Amino acid sequence: MSALAQRIVEDHAAVEPEITDGFHLVIDALKLNDINTIYGVPGIPITDLGRLAQAAGMRVISFRHEQHAGNAAAIAGFLTQKPGICLTVSAPGFLNGLTALANATTNCFPMILISGSSEREIVDLQQGDYEEMDQLAIAKPLCKAAFRVLHAADIGIAVARAIRAAVSGRPGGVYLDLPAKLFSQTMDAEAGAKSLVKVIDPAPAQLPAPDAIKRALDVLRQAKRPLIVLGKGAAYAQADDAIRDLVERSGIPYVPMSMAKGLLPDTHAQSAGAARSLVLKEADVVLLVGARLNWLLSHGKGKTWGAPGSKKFIQIDIEPREMDSNVEIVAPVVGDIASCVAALLDGMGQGWAAPPAAWTDAIAAKRDENLAKMAGKLRKNAAPMDFHGALGALKTIIQQRPDAILVNEGANTLDLARGIIDMHKPRKRLDVGTWGIMGIGMGYAIAAAVETGHPVLAVEGDSAFGFSGMEVETICRYNLPICIVVFNNNGIYRGTDIDPTGRDPATTVFVADSRYDRMMEAFGGVGVHATTPDELSQAVNAAMDSGRPTLINAVIDPAAGTESGNIGSLNPQSTVRKKPA
Ligand code: ADP
Ligand code: TZD
Ligand code: MG
């Protein structure tokens with residue numbers, strides 16, 4: 001230990017505080033509520049807060065950009081059901097974190113963005129303070145709740161309110177505004193300790209009404225072609241055994257939404273994931289469990305869902321206003337998923353009749369046909385790789401290492417990986433979620449490693465990776481067991497576009513044949529350049545065995561991808577093409 005470090009430790013030991021201050025009260029309030037990790041970026045006025053939190057035994061993970069710290073906090077919330085904490089400086093740092101707060105709220109992940117802010121008096125008179133901004137007003141429409149604390153004695157209550165707001169009901173993001181002056185406000189230590197609140201039962205069970213359960217079971221019992229859709233709300237709820245029971249006891253086929261993959265293993269006999277188009281179109285009764293009928297489910301109508309009026313929807317959700325948001329829900333079941341599923345199981349009893357074999361056989365046939373079609377493509381060991389060959393290799397690795405957490409973003413890299421890589425355990429797949437946002441990669445990977453201790457495999461489009469790529473330094477600094485595979489096809493969707501005027505690179509392409517692996521080497525991690533699925537496989541296995549930060553530059557055929565991946569139908573394209581200027 002250096003002399004300075006020694007002195008800091010001794011100072012801490014020597015001071016028996018009879019007074020406390022805002023800094024300490026924030027830390028004590030978090031710790032009292034079992035929140036022991038902070039993701040952030042230091043600076044005025046919160047530098048000392050991070051330092052003191054570390055000294056108090058909290059894990060403080062310092063990032064290179066607040067957006068990634070915020071994404072880390074959000075996914076920590078998803079994984080643990082406790083609000084993840086992101087700590088930023090005022091105005092620009094706050095704004096950088098705000099994207100993550102809005103994304104967390106959109107995805108129903110609990111997090112708290114804590115930002116330092118400038119002097120209220122100066123901000124409100126717009127007199128130009130250092131990093132001046134009315135942060136509270138700006139945060140409000142983008143999160144579930146936003147609070148500001150002006151007195152140290154209110155910190156305990158404010159933190160308690162923030163925690164409750166984040167995790168109760170539909171989870172989401174909360175903003176906590178802490179002006180610079182608050183931190184150094186002092187008060188009597190004993191009064192300070194008494195002002196703290198340990199939140200009892202932060203996310204109370206919300207029992208469904210017995211009528212709602214009966215109504216749902218009546219509809220389900222009539223079904224000839226029933227289907228269960230599991231969403232990431234079901235993954236978040238951590239009611240894994242009950243959900244498995246519901247699926248298995250009812251015999252109903254299910255499809256998992258992206259982040260619900262692995263809730264039951266994708267290889268489960270009742271998984272209709274590989275026959276998704278068929279089941280969405282043909283089902284007559286659909287039970288949604290923690291999944292919204294948003295764009296990811298084509299709003300519950302249109303071609304995807306077959307003939308108009310051919311469906312009845314039953315929906316389990318904690319948010320009553322979710323019901324009828326897109327189409328009529330004939331049997332709303334409002335409550336928390338654990339309680340709702342338990343009540344359904346109770347009502348079903350033991351003698352529930354399995355769905356007609358005509359339905360389950362048709363699904364099995366379609367699934368087997370689709371899987372057989374896919375299998376050949378996954379075995380191709382060519383250079384450059386196509387997506388299927390590379391993903392075939394990664395599919396095997398995840399099958400052999402089911403505890404590893406898969407982080408995934410990109411377009412083709414995302415859509416194809418979601419379809420190809422089976423997940424075998426709950427909450428092991430983390431991806432772009434409700435917004436299809438690029439940039440979650442390194443933040444999610446870091447929090448997944450920090451929160452779970454399991455190895456992380458981040459499968460990243462080369463564009464997607466660029467949004468958070470600087471955080472490889474963070475990964476090396478904390479020596480996290482993260483293996484990043486960059487699917488390098490020289491660009492967004494493809495690497496083959498040209499500027500018709502011949503002046504500049506096309507808007508969708510990057511420097512050809514870049515070596516992303518060298519970014520990792522720059523910080524002491526392992527870089528690998530892989531040109532075949534075999535090389536890729538070897539490198540990922542080595543990374544997962546060693547636990548060392550690794551980045552594999554996987555060379556993908558620049559012509560292999562399609563524009564916008566699977567969601568080309570949402571991508572407007574001009575039919576007018578003028579001659580190049
Ligand atoms: P996906 O994208 O996987 O379809 P969504 O994010 O659209 O999933 O939907 C998740 C839903 O789950 C949200 O409507 C949210 O209110 C709900 N939800 C989250 N946690 C719970 C819970 N514990 N109990 C019930 N519903 C929940
Ligand atoms: N910015 C943000 C924050 N989110 C986005 N989704 C986009 C831009 C638009 N976008 C996509 O929807 S996918 C994508 C962008 C820029 C990158 C696709 O390229 P990639 O993946 O290299 O990551 P593939 O494998 O080349 O398709
Ligand atoms: Mg790409």
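Select Pro45, which is found in the loop between strand E2 and helix H3 (47-55); helices (H or I, at least four residues) and strands (E, at least two) are DSSP runs, numbered from the N terminus. The peptide bond from Ile44 to Pro45 is cis, with omega near 5 degrees.

The model is predicted: local features need pLDDT of at least 70 and side-chain atom pairs count only at pLDDT 80 or more, while totals for chains, interfaces and linings use all residues. Residues are numbered from 1 along each chain as its sequence is written, chains are lettered from A and ligands numbered from 1 in the order in which they are written, and side-chain values use heavy atoms, with hydrogens and water left out.

Next, select Pro384, in the loop between helix H16 (357-378) and helix H17 (387-400). The bond that leads from Ala383 to Pro384 is also a cis peptide bond, with omega near -5 degrees. Then move to Asn490, in the loop between strand E17 (482-488) and helix H22 (517-522). Asn490 is not a glycine, yet its phi is positive, about 65 degrees. Most residues other than glycine have a negative phi, and most peptide bonds are trans.

**The domains**

Now colour the protein chain by domain: domain 1 (21-195), domain 2 (210-365) and domain 3 (379-569). These bounds come from an automatic or database domain assignment. Display domain 1 and domain 3, whose C-alpha centres lie 31 Å apart. Between them, 23 residues of domain 1 are in contact with 24 residues of domain 3, where contact means heavy atoms within 4.5 Å.

The area buried between domain 1 and domain 3 is about 2100 Å², and carbon and sulfur atoms give 63% of it. Buried area is the accessible area (1.4 Å probe) that two parts lose on being put together, summed over both. Select Arg64, His68 and Leu79: they supply 28% of the area that domain 1 buries against domain 3, more than any other three residues.

Which residue forms a salt bridge with Arg64? The partner is Glu473, with the closest N and O atoms 2.9 Å apart. A salt bridge is a side-chain nitrogen of Lys or Arg within 4 Å of a carboxyl oxygen of Asp or Glu. The rule finds one salt bridge across the interface of domain 1 and domain 3.

**A salt bridge within a helix**

Select helix H10 (residues 189-195), where Glu190 and Lys194 lie four residues apart, about one turn of the helix. Their side chains meet in a salt bridge (3.5 Å, N to O). By the rule, the count comes to 27 salt bridges.

**The ligands**

Select ligand 1, which has 20 residues around it; Arg170, Lys232, Arg292, Asp317 and Ile337 come nearest. A residue is counted here if one of its heavy atoms lies within 4 Å of the molecule. A polar side-chain atom of Asp317 lies 2.5 Å from an oxygen atom of ligand 1. An N or O atom in the side chain of Arg170 is 2.8 Å from an oxygen atom of ligand 1.

Finish at ligand 2, surrounded by 17 residues, of which the closest are Asn412, Thr413, Gly436, Asp462 and Asn489. An oxygen atom of ligand 2 lies 2.6 Å from a polar side-chain atom of Thr413. Show the backbone as well: a polar backbone atom of Ser463 is 3.0 Å from an oxygen atom of ligand 2.

Key:
Polar contact = N/O pair within 3.5 Å; in protein donor to acceptor, adjacent residues only side chain to side chain.
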